[in-house]
Amino acid sequence: SFGGLFDPAAVGMGNSILVSSADGVGTKLQVARRAGVHDTVGQCLVNHCVNDVLVQGARPLFFMDYVAMGKLDSSTVAALIRGCALACERNQLALLGGETAEMPGVYEEGDFELVGFLVGAVQREHLIDGSRVRPGQELIGLPSNGLHTNGYSLARKILFDVLGLGLDDRPDEFEGRTVAEELLRVHRPYLEALLPLIEAGQIAAMAHITGGGLPGNLPRVLGSTDARIDRGAWQPPGVFELLVRAGGLEAEEAYRAFNMGVGMVLAVEAEQRDGILEDLEARGERPFAMGQLVEGSGQVQWSR
């Protein structure tokens with residue numbers, strides 16, 4: 001699953017299930033370092049962890065950070081943690097603590113690492129554990145905000161090495177944003193839009209689309225069904241169009257390397273699909289119906 005589960009009742013402590021997540025920002029940090037912009041990646045980290053516990057129905061409780069670098073730079077550390085704090089405030093969870101480590105010889109001067117740990121909780125009756133997934137359910141996608149935090153090694157190679165772009169360049173596909181602005185867009189959280197649907201019992205399963213894309217993440221929740229996806233149901237943002245074209249990527253490679261514009265996928269009952277789409281639109285989302293669940297063995301099928 002996307003988060004680890006712990007049952008406090010097993011040690012005589014309550015009825016909620018704890019859900020935990022640990023993650024890093026990956027090579028997106030290289031873009032932040034190169035651009036000298038450090039406060040967005042902290043937001044990405046928190047939001048990524050929030051989404052990873054959300055897919056099992058959990059509300060985030062607290063977050064802890066870990067920053068390591070070769071030589072301590074207080075302004076960089078402050079910006080990184082400021083980003084974490086902003087995202088914690090937005091998602092209504094506590095930034096409980098953390099650790100800062102200066103490690104010369106492990107990290108070169110100017111290098112840094114940022115990772116985080118989040119714990120959430122869900123009432124036992126609201127836990128999303130895959131038991132309600134079945135053929136005939138419909139799939140709803142929620143758009144990503146660009147690359148989120150995955151595929152950056154390939155994206156940097158295509159944009160900087162193949163195309164020779166600089167951080168201040170503005171490709172037409174980026175809709176006026178610079179390369180730095182596009183690559184440092186904040187990984188979206190989906191808590192506010194989805195928690196009411198979770199608490200109403202309207203979501204059978206969710207998949208957070210991160211590294212591995214749709215074919216690498218949807219199987220984690222499919223059980224004995226297959227997901228039949230219509231790739232024509234949404235238009236990937238311009239950044240993906242540029243990366244696919246300039247990188248000469250086949251569709252299968254692109255959909256495994258990148259999220260291709262899909263940040264979260266929901267499995268819902270067919271008769272509830274239209275109502276859920278309307279609910280999400282009323283909350284400011286731009287959801288789209290993207291496929292169905294059919295009998296299978298946990299695979300992703302493409303209808304086109």
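Helix α4 passes helix α9 in a left-handed crossing, a label used when the near helix is turned anticlockwise from the far one by less than a right angle. Both elements belong to a predicted model, in which local features need pLDDT of at least 70 and side-chain atom pairs count only at pLDDT 80 or more, while totals for chains, interfaces and linings use all residues. Residues are numbered from 1 along each chain as its sequence is written, and side-chain values use heavy atoms, without hydrogens or water.

Helix α4 covers residues 152-162 and α9 covers residues 238-247; helices here are DSSP runs of H or I with at least four residues, strands are E runs of at least two, and numbering starts at the N terminus. The two axes come within 10 Å and cross at roughly 65°, with axes fitted to C-alpha atoms, for helices over the stretch in contact, and angles between N-to-C directions running from 0 to 180 degrees. The pair is therefore roughly perpendicular, the term for 65 to 115 degrees.

Turning to the strands, five of them form an open sheet in the order β1-β2-β5-β3-β4, with mixed pairing; strands pair if DSSP finds at least two bridges between them. At the edges lie β1 (4-6) and β4 (94-102), each pairing on one side only. The twist averages 20° from one strand to the next. Within this sheet, β2 (residues 16-24) and β5 (residues 112-123) run antiparallel and are joined by nine bridges. Ser20 stands opposite Val119 in β5.

Note on methods. Angles under 35 degrees count as roughly parallel, over 145 as roughly antiparallel, 65 to 115 as roughly perpendicular and the rest as oblique.
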